[in-house]
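Please keep the sequence and the three-dimensional view open while reading.

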Amino acid sequence: MFWRRLCFFVFFAMVVSPAKATTVMSRLQQCPVCQKEFVTREFGSWFQFSEPERDMEGSLFSAVSKVKTCPYCLFTALPEGFERLETNEAVAVRQALKDLSKRVKRLPQMEQFQTTDGTSDSLLKLMEYRVAEVCDSMRKKDLARSAELAFAEYRISKYYPVLENFTLVTTSRLRATTSIEAALTGNAWTNRDKAFWTYLSGELRRCNGDVEGAVRRLDEAANSSACPIEIARWAKEQAGKARAGDTNSSLPNIKLHRDETEALLAELPAKLPRMLTAISTGQPSSEWLLSGEAKTWTNSRVNEMASKGNADAVNFLVAWLSRLTAKELKERSGSIGHVAWLIAKHRTLVDSALFQKLKFQVPGMRDVMIYAVQAQEIPQSAEKSITRGSDLDAVGEAAVAIATVHQDKAVKPLLRAHLKKSSGYGWVEAVGKFFSDVGTIDDIPALEASAKKFQPDRKKRFDWPDSSMREDIEAAILSIRLREVFAIQ
Ligand SMILES: [Zn+2]
């Protein structure tokens with residue numbers, strides 16, 4: 001209840017109070033089912049950039065109302081329900097988690113996500129919500145808790161790469177609507193909460209295409225004396241839309257840039273062939289970066305195009321890596337791995353004639369690019385970087401990312417040996433991602449021992465980087481366990 005109250009408070013306070021910066025805290029939390037500790041994230045404060053979507057997406061309410069999962073036993077629930085697990089519920093949940101693979105509902109989309117993106121965040125979320133459903137069903141019946149869970153899943157589903165069909169969004173929206181309305185018939189919520197959820201059920205019905213049902217509920221919320229003012233205003237607006245037959249869902253519509261920057265970025269696909277020639281023939285950056293404010297966004301937009309399989313973009317990234325000096329590579333640590341990952345993923349698009357002509361500033365980077373394209377053995381220079389024991393350099397970071405794409409099990413013993421040594425932030429991130437995708441149940445003891453080395457100080461609100469490193473390792477443990485349960489390897 002505390003979290004929900006806090007969310008309402010901050011959500012309504014934001015309209016009248018000056019903005020505060022958004023801060024995220026990581027802390028150790030004890031799992032009420034297996035008693036082990038793991039790192040979770042919480043919001044310290046929240047900055048509302050713009051009005052939330054009409055289904056609350058983009059609000060603090062939606063930011064905190066996402067499931068968390070214990071990486072050690074897979075107990076999953078929304079934060080509020082996670083902490084309020086009763087003793088007899090814990091017993092029932094523990095029992096169910098033992099044969100979880102028989103209880104969870106598999107979805108065909110899981111296979112699709114796996115083939116297109118590896119173990120992506122979307123795939124993990126999809127699995128977590130399936131586990132949450134099992135845990136919820138083992139607990140004392142609480143219609144409000146189940147409705148809040150179904151609604152959280154619906155919001156998450158809007159961000160899945162839905163592969164050109166919206167089945168997941170529509171089915172989870174329908175399930176959320178049913179679940180919310182079931183809870184509204186009971187005494188689960190206070191009058192204020194009831195008005196809020198009545199509004200939401202109306203808005204979801206509108207998006208489901210049920211105009212009549214939407215208007216009835218939206219009007220009911222708007223006319224309720226317990227309805228918060230802001231929500232009553234929304235209810236009137238959305239009822240107007242429904243009456244006009246507008247059933248558009250409120251899909252994310254976040255504007256990152258000013259219009260002129262957006263216009264410059266829109267020219268990128270047409271300009272890219274010329275930019276590729278410029279970057280691969282040693283011309284100055286003014287020739288291969290967009291101008292104005294769009295300059296700083298060139299690379300991230302090229303990354304986006306590469307991830308969609310644009311050949312010019314993939315080759316541009318190879319040429320970009322070739323031009324970076326050791327110092328520049330170091331400054332960009334953290335993003336080099338992602339670029340290498342994209343290149344390996346789309347290796348068939350790399351133009352070999354162009355590659356031959358490139359002059360690499362760092363020879364080790366040329367070697368890892370050959371590893372990316374040919375998927376053979378990891379080069380010795382990268383192996384050295386991995387076994388050296390301190391933090392990874394850019395060559396090692398790229399190599400581990402490429403090994404993740406190739407599912408190169410030969411690299412695993414090197415990384416497992418490295419887990420025993422103390423290591424830096426860049427290393428843990430790359431290795432965590434590798435084990436998330438390639439790790440198996442036998443890797444868990446080594447990963448668990450490694451996670452325990454990072455003990456964030458409980459007295460500090462945010463003990464970085466220890467909490468963050470532990471989180472990366474625990475994310476790998478979670479991914480391995482979830483893939484095991486759903487038999488996705
Ligand atoms: Zn647990």
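How are helix 10 and helix 12 oriented relative to each other, roughly parallel or roughly antiparallel? In this predicted model, the axes of helix 10, which covers residues 191–208, and helix 12, which covers residues 229–243, come within 10 Å and cross at roughly 20 degrees. Angles under 35 degrees count as roughly parallel, and helix 10 and helix 12 are therefore roughly parallel to each other.

**Packing around helix 12**

Helix 10 passes helix 12 in a left-handed crossing. On the side of helix 10, the residues that take part are A195, F196, Y199, G202, E203 and R206, and in helix 12 they meet I231, W234, A235, Q238, K241 and A242. The residues of this contact between helix 10 and helix 12 divide into 7 nonpolar, 2 polar and 3 charged.

Helix 12 also packs with helix 11, residues 211–223, at an angle of about 155 degrees and with the two axes 8 Å apart. Angles over 145 degrees count as roughly antiparallel, and helix 11 and helix 12 are therefore roughly antiparallel to each other. The crossing in which helix 11 passes helix 12 is left-handed. From helix 11, the residues V211, A214, V215, L218, D219, A221 and A222 meet I231, A232, A235, K236, Q238, A239, A242 and R243 in helix 12. By class, the contact of helix 11 with helix 12 has 11 nonpolar, 1 polar and 3 charged residues.

**Helix 15 and its buried face**

Helix 15 spans residues 298–307, and its buried residues are T298, V302 and A306. Seen down the axis of helix 15, these buried residues fall within an arc of 70 degrees, so they line one face of the helix. The partners against which the buried residues of helix 15 pack are helix 16, residues 311–323, and helix 18, residues 336–345. Just after helix 15, the backbone at G309 takes a positive phi of about 85 degrees.

**A buried glycine and the chain as a whole**

G81 lies in helix 3, which covers residues 79–83. Because 23 C-beta neighbours lie inside 10 Å, G81 counts as buried. G81 and L149 are 68 residues apart in sequence, and their C-alpha atoms are 9.5 Å apart in space.

For the chain as a whole, there are 26 helices and 4 strands, and buried residues make up 41% of the 489 residues. Among contacts in the protein chain with a separation of 6 or more, 70% are accounted for by residues 24 or more positions apart.

Notes: Residues numbered from 1 in each chain as written. Predicted model: local features only at pLDDT ≥ 70, side-chain atom pairs only at ≥ 80, totals over all residues. Axes fitted to C-alpha atoms, helices over the stretch in contact; angles between N-to-C directions. Helix = DSSP H or I, 4+ residues; strand = E, 2+ residues; numbered from the N terminus. Parallel < 35°, antiparallel > 145°, perpendicular 65-115°, else oblique. Left-handed = near helix turned anticlockwise from the far one by under 90°. Contact = placed C-beta atoms within 7 Å. Nonpolar A, V, L, I, M, F, W, Y, C, P; charged D, E, K, R; others polar. Buried ≥ 20, exposed ≤ 12 C-beta atoms within 10 Å, placed from the backbone. Arc of directions from axis to C-beta.
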